[in-house]
Amino acid sequence: MKGSYDYYKVLGFNRKFKITERRPPPDVIEAFSLCTNRESEMSPDQFRRFLIEFQGEDEVAIDDAKLKMDQVLLHFRPNFTRCSFTVDDFFKYLFLDDLNGPITSQVHHDMTAPLQHYFIYTGHNSYLTGNQLNSDCSDVPIIKALRRGVRVIELDLWPNSSKDGIHVLHGRTMTTPVDLYKCLKSIHEHAFVSSPYPVIITLEDHLTPDLQAKVAEMVTEIFGDVLYCPEAGDNDEFLSPDALKHRIILSTKQPKEYLESKQDSSSSEEDLLVVGKATPSDIKNRTAADEASSRFLVVDSEDESDEEAEDDEDVENKKSGQKAVLEYKQLIGIHAIKAKNGLKKALMVGSGRGKRLSLSEQTLERAASLYGTDLVRFTQKNILRVFPKGTRVTSTNFRPLEAWMHGAQMVAFNMQVKVYMGDGWRMDFSQTHFDAFSPPDFYTKMYMVGVPTDDTKKKTRIIKDDWIPIWDEEFTFPLTVPELALLKIVVRDYNISEKDDFGGQTCLPVSEIETGIRTVPLHNKKGKKFEHVKLLMRFHFE
């Protein structure tokens, strides 16, 4: 690195720019010196002191500190004979995001509370490869979502053209369909690759009872005992994420035929539901008693005068249809409801098992404005899902903060952010990607996104003609609701005459950020992490 140059050709002349050597910032040198008592090498015990005093890590054993040092030294000096860091080794360690990232990959929250107490990483129209109007439907986006850690997958179910099979597609658009069976198989294979916590499949069901029976058959065959089915006598509250590890849950509205029969029948609700324990393994082997129970669910004929004249085939078809409806219903782990009878009524918290209510982002804004207290009360027992408005045809996301605000615990504090430097663009971008005739002019912009009082943005100065910008600037963000705050970081290359070039981004939940000097990996516009582009930053909370 030292003494090397970049050459840019300008109108027949060569312009020469010296590449800045990547050196540790003063704060890094000072931390090394303090922990080593001004010695030239850092021992495992001194490194442990750094992790505890500077990085805020609790209960670090000496063996853990030594193991981490061994990993770094094996990477940079495979033939090392002594477990100790020079200041250069120490600086290299700080730039390793797998060992010193801003957010821990370990689960550290209590995961034993009921499911509705957690924010859930949710997908919308998870099967679309592109926009909402004419893109292809596929299982590939579903697989990618699950591998990113998404825990809620949405599938829109429609009959195929011959009405004997089930397609997944965005209804009443020109999107090309994908087969439901293929989607379910992919979910089963990839559900728990990145996380052991439950996967919820929300079904937008536009099917007839016979096709619902096919869905019941498919999910029973594919998921088996992995499928969670509530049992009679279960507690009204949802189970915890911990109790639902490695389980798949179906969430959809109860079948229309079941609801109609439930309203019309003179039998009590208990009579309608006395069907024994329903698990995926016994749905196919229903007993005579089960079949007898299903007869309570017969839907009234539209023409009662002809009821006695029905032939045997019609009667058998009806019985079969009711049985299919019951089987489908018993596989629904979370019942979905819609605000068809008014928003305020939908938000009333009744007795019985918790439910899932879906609202559009516009309806959510109206609910928050008119019925904020009811909304908070509803989410204490039930699950609220908010989906993007229909005009977002390019699959853009909406700001979720309004939804998150109605159910968060709040503690105020200040967050200091210091941006030291950045590196890696030389390896991940071509020499002329940002500027044809000179190195880039990088600056970093930080957006604090949260409740309105916390929204703010800050910006570093522009470092001209340098692939390794050193800003060494400090910023403070006062926060009133840190649990809902997100720190968005964007690096751009400044251009005088045109739009600034994108150089990377990331978004960090403030409540999850580790204190101390951390390396922050940046991502491209699609969210894929760059191989080398990183910032070195320090985080402190007071």
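Visitor: Which residues does Glu57 touch, leaving aside those up to four places away in sequence?

Guide: In this predicted model, Glu57 touches Leu51, Ile52, Lys68 and Arg518, with residues up to four places away not counted. Glu57 itself is found in the loop between α2 and α3.

Visitor: What describes the packing of helix α2 against helix α3?

Guide: The axes of α2 and helix α3 (residues 62–76) come within 9 Å and cross at roughly 100°. Angles of 65 to 115 degrees count as roughly perpendicular, and α2 is therefore roughly perpendicular to α3. On the α2 side, Pro44, Asp45, Phe47, Arg48 and Leu51 make the contact; on the α3 side, Ile62, Ala65, Lys66, Lys68 and Met69 do. The contact residues divide into six nonpolar, no polar and four charged.

Visitor: Which residues meet where α1 and α2 are in contact?

Guide: Ala31, Leu34, Cys35 and Thr36 of α1 meet Gln46, Arg49 and Phe50 of α2. The residues of this contact divide into four nonpolar, two polar and one charged.

Visitor: Why are β5 and β10 said to stand at the edges of their sheet?

Guide: Eight strands form an open sheet with mixed pairing, in the order β5-β4-β3-β6-β7-β8-β9-β10. Strands β5 (178–179) and β10 (383–387) each have a single partner strand, so one side of each is left without a neighbour in the sheet.

Visitor: What makes β6 and β7 count as paired?

Guide: Two strands pair if there are at least two bridges between them. Strand β6 (residues 199–205) and strand β7 (residues 248–252) have four bridges, in the parallel sense. One example is Ile201, whose bridge partner in β7 is Leu250. Helix α8 (residues 209–223) packs on the sheet, touching β3 (152–159), β4 (166–168), β6 and β7, and its direction makes about 75° with that of β4.

Visitor: How do you know that β9 is mostly covered, and which way do its residues point?

Guide: Five of the five residues of strand β9 (residues 356–360) are buried. Arg356, Ser358 and Ser360 point one way, whereas Leu357 and Leu359 point the other way. In a regular strand, side chains alternate between the two faces of the sheet.

Visitor: With which strands does β9 pair?

Guide: Strand β8 (residues 332–337) pairs with β9 in the parallel sense over two bridges, which meets the requirement of at least two. Within that pair, Ile337 has Leu357 of β9 as its bridge partner. The pairing of β9 with β10 is also parallel and has five bridges; there, Ser358 is the bridge partner of Arg385 in β10.

Visitor: What do β17 and β18 form?

Guide: They form a hairpin with five residues between them, and Gly527 in the turn has a positive phi of about 95°. Seven bridges join β17 to strand β18 (residues 529–541), and the two run antiparallel. Val520 has Leu535 of β18 as its bridge partner. Strand β17 (residues 516–523) is mostly covered, with eight of its eight residues buried.

Visitor: What figures describe the chain as a whole?

Guide: The chain has 17 helices and 18 strands, and buried residues make up 47% of its 542 residues. Of the contacts with a separation of 6 or more, 69% are between residues 24 or more positions apart.

Definitions and conventions
Residues are numbered from 1 along each chain as its sequence is written. This is a predicted model: local features need pLDDT of at least 70, side-chain atom pairs count only at pLDDT 80 or more; totals for chains, interfaces and linings use all residues. Side-chain values use heavy atoms; hydrogens and water are left out. Contact means heavy atoms within 4.5 Å. Ala, Val, Leu, Ile, Met, Phe, Trp, Tyr, Cys and Pro count as nonpolar, Asp, Glu, Lys and Arg as charged, and the others, Gly among them, as polar. Axes are lines fitted to C-alpha atoms, for helices over the stretch in contact, and angles run from 0 to 180 degrees between N-to-C directions. Angles under 35 degrees count as roughly parallel, over 145 as roughly antiparallel, 65 to 115 as roughly perpendicular and the rest as oblique. Buried means under 20% relative accessible area, exposed over 50%, partly exposed in between (1.4 Å probe, protein chains only).
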